[in-house]
Amino acid sequence: MDPKIGMVGTPCQITAATLMKDYESFIKEFPVTLKIGLFCMENFSYKYLKRFLEEKGISLKEIIQCRIEGGSAKFHLNSGETISIPLKELKETMRKSCQICMDYTSEQADISIGSVGSPQGWSTIIIRTKKGLKLIKAAEEKKYIKTKPISDKGFELLQRLAAGKKEKNLKEIKKREKVARPVMYWRVMPETEYLEEVTDYQFRDLRGDVIDIGACVLCGACLLSCPEEIIKIEDRKPEIKGECPPACNACYIACPRTYVPDNIISHETAKEPLGDYIKIVSAKAPMFKGQDGGVVTALLSYALSEGIVDKVLVVDKDTKNPWKPTPKLTKHIEDVIKAAGTKYSACPIFKAMGGS
Ligand code: SF4
Ligand code: SF4
Ligand code: SF4
């Protein structure tokens, strides 16, 4: 029997997982059965952030933690000092692909989790599917988490931030489309049209439509989906080392930044700040610590211990360089606990599931 995998990822990674699951027959088996999505406003480019901070006399190696709070990034250094830099100043270090991202709350996840909207020490959980609801209820019964209704003020803040991201990035999409190539994933199309459209697309098209125009989110879905295992990541970009067989379009289908069918993303997305959901609550996990109130760690640990999933896909910190996150597929709760906390640079998460 195939292993059941639970994953935690950013909205763009959750979109890739949804594509790989829904179009599994075009790719190869994709055993992710539980998707926990994170809230994500933007992510830093490792290279540009490193240069920016070095110009201010700070080395990335000195930073032990980063938190985004009240419009600023707060960098906690190993000297005990905290440096606060307004996000406006950091704009040039943001990944170009994040500036056209229309999803703040992982709208295709089973449950989405983030700190916005809940008091300190609590997280906000958006429950989107029956599977997600069942998990939350069971984890609460077993005392892994504790929930309470989200406050009106918290809900309004969450909606405002999500709507603000969409409004800002839709403007950027329109701006780019006027002067450059189309933003493919926003060229949403009906599923039948989509399947016809992508029939002949291969890696060369992925390179032209996504990678070369700064739309790649570095998720690693193309690596995982490639049956020939000829995609490698070099200099933070996917590249191929070999020839594509004529009938293959797996990488193009798996990529969350090529065309997406309207059963996954629709233009209605722009009008609905939080996407579809069943319920929103605040939650905390008394037994676990973490930047998200420990809730992600608690839910993954619960899912593993009850056999709801056999393994989980998480992003761990590199012990020598916390800014270079490392994807990990694990069945050990200790690894889940160790991987807790938000990472602020892109990571080819699906590589850990078997990409080359
Ligand atoms: S594209 Fe950027 S902003 Fe969007 S989900 Fe991915 S990392 Fe976050
Ligand atoms: S063989 Fe070529 S077209 Fe197929 S997934 Fe690999 S890189 Fe893409
Ligand atoms: S090109 Fe590959 S790594 Fe980049 S977004 Fe697409 S699937 Fe992810």
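An open sheet of three strands in the predicted model has the order S3-S4-S5 with antiparallel pairing; strands are DSSP runs of E with at least two residues and helices are runs of H or I with at least four, both numbered from the N terminus. Two strands are taken to pair if DSSP finds at least two bridges between them. Strand S3 (63–69) and strand S5 (82–86) are the edge strands, each pairing on one side only. On average, neighbouring strands of this sheet are turned by 20 degrees against each other, direction ignored; axes are lines fitted to C-alpha atoms, for helices over the stretch in contact, and angles run from 0 to 180 degrees between N-to-C directions. S3 and strand S4 (residues 72–77) run antiparallel and are joined by 6 bridges, and Gln65 stands opposite His76 in S4.

The model is predicted, with local features requiring pLDDT of at least 70 and side-chain atom pairs counted only at pLDDT 80 or more, while totals for chains, interfaces and linings use all residues. Residues are numbered from 1 along each chain as its sequence is written, chains are lettered from A and ligands numbered from 1 in the order in which they are written, and side-chain values use heavy atoms, with hydrogens and water left out.

A further open sheet is formed by 8 strands in the order S8-S11-S7-S6-S2-S1-S12-S13, with mixed pairing. Strand S8 (146–149) and strand S13 (326–330) stand at its edges with a single partner strand each, so one side of each is left without a neighbour in the sheet. Strand S11 (residues 279–284) pairs with S8 in the antiparallel sense over 4 bridges, with Lys148 opposite Ser282 in S11. S11 also pairs with S7 in the antiparallel sense, over 5 bridges; the bridge partner of Ser123 in S11 is Ala283. Helix H3 (residues 130–141) lies across strand S2 (32–38), strand S6 (111–114), strand S7 (123–127), S8 and S11, and runs at about 135 degrees to S7; contact here means heavy atoms within 4.5 Å.

Lys148 has its charged end over the ring of Trp122, 4.2 Å from the ring centre. A charge is counted as over a ring if NZ of Lys or CZ of Arg is within 6 Å of the ring centre and within 35 degrees of the ring normal. Arg257 lies over the face of Tyr185, at 4.0 Å from the ring centre. The structure holds 8 aromatic pairs, defined by centres of Phe, Tyr or Trp rings (the six-membered ring for Trp) within 6.5 Å. Ring pairs link Tyr23, Phe26 and Tyr194 into a cluster.

Arg257 is also one of the residues surrounding ligand 1, which include Cys12, Cys40, Cys98 and Cys101; a residue is near a molecule if one of its heavy atoms lies within 4 Å of it. The shell of ligand 1 has 7 nonpolar, 1 polar and 3 charged residues, where Ala, Val, Leu, Ile, Met, Phe, Trp, Tyr, Cys and Pro count as nonpolar, Asp, Glu, Lys and Arg as charged, and the others, Gly among them, as polar. Around ligand 2 lie residues including Cys226, Cys244, Cys248 and Cys251, and the shell divides into 10 nonpolar, 1 polar and 1 charged. The surroundings of ligand 3 include Cys216, Cys219, Cys222 and Cys255. Helix H6 (203–211) and helix H7 (221–225) each supply at least two residues of the shell around ligand 3, in which 11 residues are nonpolar, 1 is polar and none is charged.

Technical notes:
Phe/Tyr/Trp six-rings, centres within 6.5 Å; stacked < 30°, edge-to-face > 60°.
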